[in-house]
Amino acid sequence: MTIQEFTELLKNLPKECEWVKFNWLATRLNPRIDFNIFEFDVDEKHFVLFRVPATRNMPVSFKGE
């Protein structure tokens, strides 16, 4: 699943399924790190912002890339 596909999936998830966002991303990051997801609306458009902090010892990779 690509980031674009995942973003589309997020738009259609009910609020009760918010844990899916965390789990999906958490299992694909290496090293495992804490991150935040912020959702907000601007000018009638919905945004989902993922904040993934940098690590100190090695870069964060997504799916090994």
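Accessible areas here come from the Shrake-Rupley method with a 1.4 Å probe, and for residues only the protein chains shown count as cover. By that method, the accessible surface of the protein comes to about 5300 Å². Carbon and sulfur atoms hold 54% of that surface.

This is a predicted model: local features need pLDDT of at least 70, side-chain atom pairs count only at pLDDT 80 or more, and totals for chains, interfaces and linings use all residues. Residues are numbered from 1 along each chain as its sequence is written, and side-chain values use heavy atoms, with hydrogens and water left out.

**Fold**

The protein has 2 helices and 4 strands. Their order along the sequence is α-α-β-β-β-β. Helices (H or I, at least four residues) and strands (E, at least two) are DSSP runs, numbered from the N terminus. Of the 65 residues in the protein, 15% are buried. Buried means under 20% relative accessible area, exposed means over 50%, and partly exposed lies in between (1.4 Å probe, protein chains only). Among contacts with a separation of 6 or more, 35% link residues 24 or more positions apart. A contact means heavy atoms within 4.5 Å.

**The β2–β3 hairpin**

Strands β2 and β3 run antiparallel and are joined by 7 bridges. Two strands pair if DSSP finds at least two bridges between them. The two strands form a hairpin with 2 residues between them. D43 sits in the turn and has a positive phi of about 50°. I37 has F50 in β3 as its bridge partner.

The structure holds 1 aromatic pair. The ring centres of F40 and F47 are 5.6 Å apart and the planes lie at 15°, so the pair is stacked. Rings of Phe, Tyr and Trp (its six-membered ring) pair if their centres lie within 6.5 Å; planes under 30 degrees apart count as stacked, over 60 as edge-to-face and the rest as tilted.

**The nonpolar patch**

F38, F40, V42, F47 and L49 make a nonpolar surface patch of about 420 Å². Patches are made of residues with over 30% relative accessible area and no salt bridge; like charges are joined within 9 Å, and nonpolar side chains (Val, Leu, Ile, Met, Phe, Trp, Tyr) within 5 Å. A salt bridge is a side-chain nitrogen of Lys or Arg within 4 Å of a carboxyl oxygen of Asp or Glu. β2 (36-42) and β3 (45-51) each supply at least two residues of the patch. The largest share, 3 residues, comes from β2. L49 lies in β3. In a regular strand the side chains alternate between the two faces of the sheet.

**Accessibility by residue**

| Residue | Relative accessible area | Class |
|---|---|---|
| F40 | 35% | partly exposed |
| F47 | 37% | partly exposed |
| L49 | 43% | partly exposed |
| A54 | 75% | exposed |
| S61 | 14% | buried |

**Beyond the hairpin**

A54 lies in the loop between β3 and β4 (61-62). A54 and F35 are 19 residues apart in sequence and 10.0 Å apart in space, C-alpha to C-alpha. S61 is found in strand β4. Which residues does S61 contact, leaving aside its neighbours within four places in sequence? They are R28, L29 and N30. S61 is buried, at 14% relative accessible area, whereas A54 is exposed, at 75%.
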